[in-house]
Amino acid sequence: MSQPLPGYRVRLGHETPLRLDCGVELSDFTVAYQTYGRLNAARSNAILICHALTGDQYVAEPHPVTGKEGWWHMMVGPGKVLDTDRYFVVCPNILGGCMGTIGPKEINPATGKPWGLTFPVISIADMVRAQAMLMDHLGIDNLFAVTGGSIGGMQVLEWAALYPARVFAAVPIATAAHHTAQNIAFHEVGRQAIMADPDWHGGDYQAHGARPHRGLAVARMAAHITYLSEKALQEKFGRKLQNRAAVSWGFDADFQVESYLRHQGSTFVDRFDANSYLYITRAADYFDLAERYGGVLAHAFRGTATRFCLMSFTSDWLYPTEENRKIMHALNAVAANVSFAEIVSDNGHDSFLLDEPEFHRVFEGFLDGAAEHRGLPRKSGQ
Amino acid sequence: MNAADRERHSAERAIRVDLQLIADMIEPSSRVLDVGCGDGALLEYLTTFKHVDGRGIELSTTGVNACISRGLSVIQGDADADLKNYPDAAFDYVILSHTLQAMVAPHEVLGHMMRIGRRAIVSFPNFAFWRVRLDFLLGGRMPESDLMPYHWYDTPNIHLCSIKDFVALCGKMGFRVERSLSLDSTGRARRIGAGIFTANLLGEQAVFLLTK
């Protein structure tokens with residue numbers, strides 16, 4: 001990652017610092033972001049994408065490190081659901097990330113050394129406040145839509161709660177309004193794997209010229225299981241062996257599923273920072289939107305004029321339909337304008353990243369309806 | 001006929017006769033919740049021609065997805081379970097068309113509809129329709145018809161009622177019948193009014209507009 005990363009960077013917080021939930025203030029920090037499409041003259045066609053735990057701003061172009069297609073390339077582009085011929089799409093790297101936005105691997109200007117574990121603990125709301133500062137910088141007062149899946153969906157919910165007047169439509173996907181004990185437990189396994197790696201050096205691995213590859217890979221492997229459904233894993237791998245006719249009576253990757261997970265782990269470490277993983281998982285664990293509103297989630301959305309479209313997937317056991325339905329109930333309780341669809345899919349939590357035609361159709365229909373209410377022109381050719 | 005009129009004409013022809021009667025009861029630009037909205041035909045009609053702020057609840061995934069894809073605000077949910085989350089007086093009208101008979105607790109659903117809305121509109125097949133009575137009386141089998149196209153063992157209609165039954169329940173719950181229509185098998189509508197005995201015999205289905 002020594003090459004400069006493509007896309008935009010802006011330094012924020014000079015005039016008004018970002019006051020984090022933990023009490024620390026960031027008065028000069030970088031946010032890296034990418035854009036697709038064009039902002040119209042009325043500045044009314046902007047869509048903000050909030051990326052998930054291991055996503056980044058390279059939504060619809062080859063990834064600068066891995067060379068793979070952007071993580072939402074199926075969703076974003078000319079004529080696609082987030083149609084870049086109609087909409088101006090912005091995706092910033094989240095606070096605490098490792099693709100250019102301030103995070104633990106960046107240099108702390110006060111010390112001249114990487115932040116490491118001296119980086120303040122951040123929240124989902126902090127990520128959103130930083131994004132709002134980016135929107136101020138871009139001159140976008142009102143977003144036509146804010147969307148994202150998983151931890152990205154949590155940011156969407158925070159946007160709707162913190163800046164209701166700035167969000168015309170909100171599309172939180174496969175998400176939850178709080179982390180459950182099971183969610184926290186899986187994240188803790190990942191963090192412990194990283195911290196148990198001797199190359200982690202108490203978080204100070206950059207100073208030691210090391211990277212906790214093994215710990216981060218194990219964290220990714222454990223997390224990856226939660227992104228897939230049992231059925232999908234079973235159908236894809238079953239008990240099939242990896243390039244061999246019989247088990248080796250050893251601890252090699254005999255099974256295809258082992259080989260697959262090892263591959264997922266080893267490719268992940270090339271593009272992700274271990275401390276970022278700690279900070280972002282922590283932010284998700286701390287997320288409990290209702291807490292700030294006296295424990296009543298509905299109060300987070302009182303009086304909202306935002307049009308919501310919630311979507312969940314039948315086989316997602318990480319952020320299951322039931323958690324998404326709780327958000328729907330809270331929105332119903334304030335008579336908000338809300339749509340909710342459960343999409344039938346065997347692809348587990350990862351469904352929101354995959355080619356799911358029904359999901360795309362519903363999403364597009366919702367956006368078209370919202371665009372009409374917002375007075376945006378129809379899709380070309382209609 | 002200009003293009004707008006043609007569009008209106010074809011859309012009016014496109015919705016079911018009982019849905020048209022329901023639509024005619026609704027004031028323009030009101031807030032409407034359609035419980036069991038199916039593929040959204042009524043909601044779309046009301047949004048287009050009555051400019052209502054419309055929402056829907058639908059149990060089937062295909063129905064919900066069809067609605068949202070059409071730009072309608074619809075949630076996947078169950079009237080028996082999900083109505084309780086709505087606040088009081090959030091809507092001008094709450095509609096339940098041909099769904100009451102499939103509810104686990106119709107009286108509770110009605111109660112929630114009248115709590116959530118200023119008015120409720122309910123349509124249902126009349127189980128005392130003469131042909132239904134005759135089928136059972138002479139055939140000795142559970143009635144089946146176009147409006148109740150199921151066998152006794154696979155029907156979702158677990159709480160069928162007659163027009164008289166429904167009027168009695170409304171009375172018991174303290175709801176006022178503002179308008180009521182019965183439809184015969186040709187789709188012709190008649191005011192029920194005082195002629196409840198005739199309506200209960202000749203009406204294949206009924207539409208009620210209720211207030212508190």
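Q: Why is B:Asp92 called buried?
A: In this predicted model, B:Asp92 has a relative accessible area of 17%. Buried means under 20%, so B:Asp92, at 17%, gets the label. You'll find B:Asp92 in strand 4 (residues 91-97) of chain B.

Q: What makes B:Asp92 and B:Arg118 a polar contact?
A: Their side chains come to 3.2 Å. The cut-off for a pair of N or O atoms is within 3.5 Å, so the pair with 3.2 Å counts as a polar contact. There's also the backbone nitrogen of B:Arg31, which lies 2.7 Å from a polar atom of the B:Asp92 side chain.

Q: Which residues is B:Asp92 in contact with, leaving aside its neighbours within four places in sequence?
A: B:Ser30, B:Arg31, B:Gly117, B:Arg118 and B:Arg119.

Q: What makes up the nonpolar patch on the surface?
A: B:Leu138 is one of its residues, along with B:Trp130, B:Leu134, B:Leu137 and B:Leu202. Together they have about 520 Å² of accessible area. Helix 7 (residues 130-139) of chain B gives the largest share, four residues.

Q: How do you know that B:Asp82 and A:Arg325 meet in a salt bridge?
A: Look at the gap between their side chains: 3.9 Å, N to O. A salt bridge needs an Arg or Lys side-chain nitrogen within 4 Å of an Asp or Glu carboxyl oxygen, so the pair at 3.9 Å qualifies. The count between chain A and chain B is one salt bridge.

Q: How many residue pairs are in polar contact across the interface of chain A and chain B?
A: The rule finds 14, with both residues at pLDDT 80 or more. On the side of chain A that touches chain B, the elements giving two or more residues are strand 13 (307-313), helix 8 (321-333), strand 14 (337-343) and helix 9 (357-374). Strand 14 gives the most, with seven residues.

Q: How do you know that chain A and chain B touch, and what is the area buried between them?
A: 23 residues of chain A are in contact with 20 residues of chain B. The buried area is about 1,700 Å², and carbon and sulfur atoms give 49% of that. In chain A, A:His329, A:Asn332 and A:Ala335 lose the most area to chain B, together 26% of what that side buries.

Notes:
Residues are numbered from 1 along each chain as its sequence is written. Chains are lettered from A and ligands numbered from 1 in the order in which they are written. This is a predicted model: local features need pLDDT of at least 70, side-chain atom pairs count only at pLDDT 80 or more; totals for chains, interfaces and linings use all residues. Side-chain values use heavy atoms; hydrogens and water are left out. Patches are made of residues with over 30% relative accessible area and no salt bridge: like charges are joined within 9 Å, nonpolar side chains (Val, Leu, Ile, Met, Phe, Trp, Tyr) within 5 Å. Accessible areas come from the Shrake-Rupley method with a 1.4 Å probe; for residues, only the protein chains shown count as cover. Buried means under 20% relative accessible area, exposed over 50%, partly exposed in between (1.4 Å probe, protein chains only). A polar contact is a pair of N or O atoms within 3.5 Å; within protein, one must be able to donate a hydrogen and the other to accept it, and residues adjacent in sequence count only if both atoms are side-chain atoms. Contact means heavy atoms within 4.5 Å. Buried area is the accessible area (1.4 Å probe) that two parts lose on being put together, summed over both.
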